[in-house]
Amino acid sequence: MPTPTLPPPPTPPMQVTWTSALEGSDAREYDALVLASPAGHPAQTRAWAEVARAGAHVAARYALVRLAGRAVGAALVLRPSLAGLGLPWAWIERGPVVAAVGDLAGVTRAVARAARRRGIARLRVNPYFADGDAAVAEESLRGLGFRDVQRADGPHAATLRLAVGGRSDAEILAGKTREQLRWRIKQADKAGAVARRGEPADWPRLREMVRDLMRSQSRRDRPDAWWDALRRHVADDARGAFFVCDHGGRVVAGAVYLRHGSRVIYGWGAAVAEKLGFSKAIPAHVAAIRWSRDAGCDSFDLGGIPLEDDADPKRNAIATFKLLFDRTRVRLVREHAGWC
């Protein structure tokens, strides 16, 4: 008689800790998972919660997902509120974070169920996986009933990355495709443009330049409280840095960079609108690349570029200087939304 085939043991359910503050081992496990995951991002760190809430009617909650006692998922869930009451939708910026892309479906399902029990009916997500893993992640989200809601002006779904770890300036900037970049760097040097670390007195100037940029795109700038929180956030070198470009005795460009583990990501920046005979944004970027390399990071992320089918001339013009650094697109997970 053939030996009967036994069914596989049932998979234990995932357990979700949902809280406004993590402490002790929960905090340590959350931090370790977000830092170690290939899809980890600054927007999912506990430190970022202060920035995410600043100047907005938004409540932040942490979801720590365990399977058989092991942390397999983490999410900083942001939920808008009105008159102190939470609205029935929420989003997870660059998350959920999972240890491996194969865990994404289970973790997202567990977080969505926990959100539903707390009155959240709809959830937006965009985990920070790249290239092949991004395709797997999107397939997993579709399998849960989430649909693609990516907008051209939404969170970027494509970026550019430079390998910087252990490389000299010449190695980082080498290659035929960076010939124009090297020329523009020399052009800025000849014009007397100098990049340096930004100081507290430089933040109002950055705000002014960003505000002008937003107006040119018919968009609104973020509130003062958000910028103050960002300034405090990157005051810690382990979290990021602020660089400016000086020319003719004034700041003509500035940019903020976020650091997460071995990666630095360009976050926000702007330059004066007037033409000065050189690329104003490039000196600060080059200084930030050197800083990331010297800090022991391996990757420098240019902070996103428009989608290939995005025909908006303003967005494409702003991204033009990024393509001088690298032209190899890195595909990211598009934003998805689903009912809980």
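Modeller: Leu181, Arg184, Ile185 and Ala188 of helix H6 meet Ile282, Pro283 and Val286 of helix H9, where contact means heavy atoms within 4.5 Å. By class, this contact of H6 with H9 has 6 nonpolar, no polar and 1 charged residues, with Ala, Val, Leu, Ile, Met, Phe, Trp, Tyr, Cys and Pro counted as nonpolar, Asp, Glu, Lys and Arg as charged, and the others, Gly among them, as polar. This is a predicted model, in which local features need pLDDT of at least 70 and side-chain atom pairs count only at pLDDT 80 or more, whereas totals for chains, interfaces and linings use all residues. Residues are numbered from 1 along each chain as its sequence is written, and side-chain values use heavy atoms, leaving out hydrogens and water.

H6 (residues 179-190) and H9 pack at an angle of about 110°, with their axes 10 Å apart. That makes H6 roughly perpendicular to H9, given that angles under 35 degrees count as roughly parallel, over 145 as roughly antiparallel, 65 to 115 as roughly perpendicular and the rest as oblique. The axes are lines fitted to C-alpha atoms, for helices over the stretch in contact, and the angles run from 0 to 180 degrees between N-to-C directions. The helices themselves (H or I, at least four residues) and the strands (E, at least two) are DSSP runs, numbered from the N terminus.

H9 spans residues 282-294 and also holds arginine 293. Arginine 293 is buried, with a relative accessible area of 17%, where buried means under 20%, exposed over 50% and partly exposed in between, for a 1.4 Å probe and protein chains only. Leaving aside neighbours within four places in sequence, arginine 293 is in contact with Val164, Gly166, Arg167, Ser168, Asp169 and Ile172. Valine 164 lies 129 residues away along the chain, yet its C-alpha atom and that of arginine 293 are separated by 5.5 Å.

Helix H7 (residues 203-216) and helix H8 (residues 224-233) pack at an angle of about 130°, their axes being 12 Å apart. That makes H7 oblique to H8. On the H7 side the contact is made by Trp203, Leu206, Arg207 and Val210, and on the H8 side by Asp224, Trp227, Leu230 and Arg231. By class, the contact of H7 with H8 has 5 nonpolar, no polar and 3 charged residues.

Tryptophan 203, not counting residues up to four places away in sequence, touches Trp227, Leu230, Arg231, Val234, Phe242 and Val256. As general background, nonpolar side chains tend to be buried together in soluble globular proteins.
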